[in-house]
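Reader: I am new to this structure. Could you walk me through how to read it?

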Amino acid sequence: MHVIWKLSRTELLCLLRSTKMIILAVFIVFLNIQVIVPLRELSVQMGGKLSVFEPFLAIGNSGLVLLILPLLFITMMADFPREGESQYFCQIRCSKRLWTAGQILYAAEASVIMVVFVFVVTVLLSLDFTEWNPDYSYGITRYVTAFPERAGDYAAQLIPENLYNQISLGKAVFHTAMLQALYFFLLALILLICALIGRKLTGLLLDGALILLGTITCATRMAYMWILPMGHTIPWLHYTEYESRMILPMSVSYIYFGILNIVLLTAAIVVSKRYQVV
């Protein structure tokens with residue numbers, strides 16, 4: 001276990017020191033424009049502060065952001081797993097399966113760190129118009145009532161009625177964070193398996209196709225959206241707007257990701273013995 005942890009830590013440090021971190025700065029600007037600014041304007045219009053958790057919830061339930069965020073993640077992980085002499089000697093010093101286990105742990109860590117990064121950034125960017133509040137703010141829950149003519153505005157759709165009418169803020173944030181992390185982990189495992197069989201480009205294309213098709217099916221609310229992982233990542237899609245019932249139980253989404261990730265984990269371990277770093 002010590003070897004696996006050391007391998008994952010080495011990979012994580014390499015990522016944090018890489019020039020890819022510049023991409024995160026661009027993403028912060030994007031988040032500010034797409035989510036923070038509209039919510040700040042909403043807060044001003046309603047004359048009160050929002051909950052500190054609501055900007056993150058808006059990001060996790062925005063169709064456009066959920067198109068860009070996974071693409072950002074696979075861009076950060078595009079060279080996963082890294083190749084080169086250092087990786088070759090790692091495989092010599094430990095078994096290929098231990099090396100693969102280290103890569104899997106790194107993928108899990110990177111997935112969680114991405115979610116934590118987004119949460120921290122949204123909190124920092126929104127400090128001027130948010131406050132500690134474990135419940136939905138008055139501004140979010142009453143905006144459409146106060147301005148019915150703006151019901152279709154972008155800001156009003158960031159946290160839809162499907163959420164605040166059906167599920168508590170704490171549960172909504174928890175499910176948003178957990179399902180995003182599971183989604184990122186699945187994308188990383190696809191990259192890993194394709195690299196292990198010598199088809200790294202195929203992994204990138206497959207991830208890109210899953211993200212694009214998921215965005216289209218979720219935007220159009222097609223029944224096929226539950227076949228793809230993105231539909232399971234968005235909590236509000238699981239609920240109706242007013243009726244006290246669920247379209248799809250949240251537990252099904254966890255089972256969905258659990259089964260897929262376990263299958264991919266097993267496949268990665270099985271094919272790892274044929275992998276050779278070049």
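**Reading the model**

Author: Begin with one residue. At 18% relative accessibility, Lys20 counts as buried, because buried means under 20%. Keep in mind that this is a predicted model.

Reader: What does Lys20 meet in a salt bridge?

Author: The general idea comes first. Side chains of opposite charge can pair when their charged atoms come close. Here the side chain of Lys20 meets that of Asp79, at 2.6 Å from N to O. This pair links distant parts of the chain, 59 residues apart. Lys20 sits in the loop between α1 (2–17) and α2 (21–46). Asp79 sits in the loop between α4 and α5.

Reader: Is Asp79 buried or exposed, or partly exposed?

Author: Asp79 is partly exposed, because its relative accessible area is 35%.

Reader: How many salt bridges does a search of the whole structure find?

Author: The search finds two. One of them is the Lys20 and Asp79 pair. Another joins Arg40 and Asp128, whose closest N and O atoms are 2.8 Å apart. That pair also links distant parts of the chain, 88 residues apart. Arg40 belongs to helix α2. Asp128 lies in the loop between α6 (96–125) and β2 (130–131). Arg40 has 26% relative accessibility, so it counts as partly exposed. Asp128 has 48%, so it counts as partly exposed too.

Reader: Now the backbone. Which residues does a cis peptide bond join?

Author: Start with the general rule. Most residues other than glycine have a negative phi, and most peptide bonds are trans. In this model, a cis bond joins Phe80 and Pro81, with omega at about -5 degrees. Pro81 lies in the loop between α4 (63–76) and α5 (85–93).

Reader: Where is Val52 found, and what is it in contact with?

Author: Look in the loop between β1 (50–51) and α3 (54–60). Val52 counts as buried, because its relative accessibility is 12%. Leave aside its neighbours within four places in sequence. Then Val52 is in contact with Val123, Thr130, Glu131 and Trp132. For a sense of scale, take Val112, 60 residues from Val52 along the chain. The C-alpha atoms of Val52 and Val112 are separated by 20 Å.

Reader: Step back to the whole protein. What does its secondary structure come to?

Author: It comes to 13 helices and two strands. The C-alpha trace spans about 65 × 35 × 30 Å along its principal axes. With 278 residues, a compact globule would have a radius of gyration near 19 Å. The protein has 20 Å, which agrees.

Reader: How much of the protein is buried?

Author: Buried residues make up 51% of the 278. Contacts tell us about the fold in another way. Take those between residues at least 6 apart in sequence: 79% join residues at least 24 apart.

Reader: What about the surface and the charges?

Author: The accessible surface comes to about 13,100 Å², and 69% of it belongs to carbon and sulfur atoms. The protein has 19 positive and 16 negative charges. Their mean positions are 15 Å apart.

Methods:
Residues are numbered from 1 along each chain as its sequence is written. This is a predicted model: local features need pLDDT of at least 70, side-chain atom pairs count only at pLDDT 80 or more; totals for chains, interfaces and linings use all residues. Side-chain values use heavy atoms; hydrogens and water are left out. Helices (H or I, at least four residues) and strands (E, at least two) are DSSP runs, numbered from the N terminus. The radius of gyration is taken over C-alpha atoms; the globule rule is 2.2 Å times the number of residues to the power 0.38. Buried means under 20% relative accessible area, exposed over 50%, partly exposed in between (1.4 Å probe, protein chains only). Contact means heavy atoms within 4.5 Å. Accessible areas come from the Shrake-Rupley method with a 1.4 Å probe; for residues, only the protein chains shown count as cover. Lys and Arg count as positive and Asp and Glu as negative; His and the chain ends are not counted. The place of a charge is taken as NZ of Lys, CZ of Arg, CG of Asp or CD of Glu. A salt bridge is a side-chain nitrogen of Lys or Arg within 4 Å of a carboxyl oxygen of Asp or Glu.
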